[in-house]
Amino acid sequence: MRLISWLITVPLGVIAVMFALSNNVPVTLTAWPTPFEIDLPIYLLVFVPFLLGFIIGGFFAWWGAGAARGRAREAERDAERKNREADNLRTELELVKQEAAEQSAENLPAINQSSDPNTKSLAKTA
């Protein structure tokens, strides 16, 4: 993506510099009802409106994407909250598994000590 950006930006920059060098003749700019006059090179009369349009367009694009950025922030917070909840549930599951393993380990000796002859034979064969 960066390469594509350079492939577009460099030629446009070269064209802009060539345009500015070949169009640097001053032009008098006047605002009719006022007595104000200003001498500007022609390339400024072309580049300044493009620059202003670029800045204003960028502002409106940023402003228009505000709702999407807000939804993205909310989704990120929701994902973080759900990840924390999943981690907590994993921790609880591990604790429950450990407790179940401890209880089953405690119950095994009780089966071996039972007075029922059928359970004794099963315990011996296991």
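This is a predicted model: local features need pLDDT of at least 70, side-chain atom pairs count only at pLDDT 80 or more; totals for chains, interfaces and linings use all residues.
**Overall picture**
- The protein has 126 residues, and 2% of them count as buried.
- Its accessible surface comes to about 11,200 Å², with 67% of that area belonging to carbon and sulfur atoms.
- Among contacts in the protein with a separation of 6 or more, 14% are accounted for by residues 24 or more positions apart.

**Where helices α1 and α2 meet**
- Helix α1 spans residues 2-22, and α1 packs against α2 at an angle of about 145°, with the two axes 8 Å apart.
- On the α1 side, the contact is made by Ala16, Phe19 and Ala20; on the α2 side, Tyr43, Val46 and Phe47 take part.
- Sorted by type, the residues of this contact of α1 with α2 are six nonpolar, no polar and no charged.

- Leu44, Val48, Leu52, Ile56, Phe59, Phe60, Trp62 and Trp63 together make a nonpolar surface patch of about 850 Å².
- One of these patch residues, Ile56, sits in helix α2, which covers residues 42-64.
- Why does Ile56 count as partly exposed? Its relative accessibility is 46%, and partly exposed is the class between buried, under 20%, and exposed, over 50%.

Terms used
Residues are numbered from 1 along each chain as its sequence is written. Side-chain values use heavy atoms; hydrogens and water are left out. Buried means under 20% relative accessible area, exposed over 50%, partly exposed in between (1.4 Å probe, protein chains only). Contact means heavy atoms within 4.5 Å. Accessible areas come from the Shrake-Rupley method with a 1.4 Å probe; for residues, only the protein chains shown count as cover. Patches are made of residues with over 30% relative accessible area and no salt bridge: like charges are joined within 9 Å, nonpolar side chains (Val, Leu, Ile, Met, Phe, Trp, Tyr) within 5 Å. A salt bridge is a side-chain nitrogen of Lys or Arg within 4 Å of a carboxyl oxygen of Asp or Glu. Helices (H or I, at least four residues) and strands (E, at least two) are DSSP runs, numbered from the N terminus. Axes are lines fitted to C-alpha atoms, for helices over the stretch in contact, and angles run from 0 to 180 degrees between N-to-C directions. Ala, Val, Leu, Ile, Met, Phe, Trp, Tyr, Cys and Pro count as nonpolar, Asp, Glu, Lys and Arg as charged, and the others, Gly among them, as polar.
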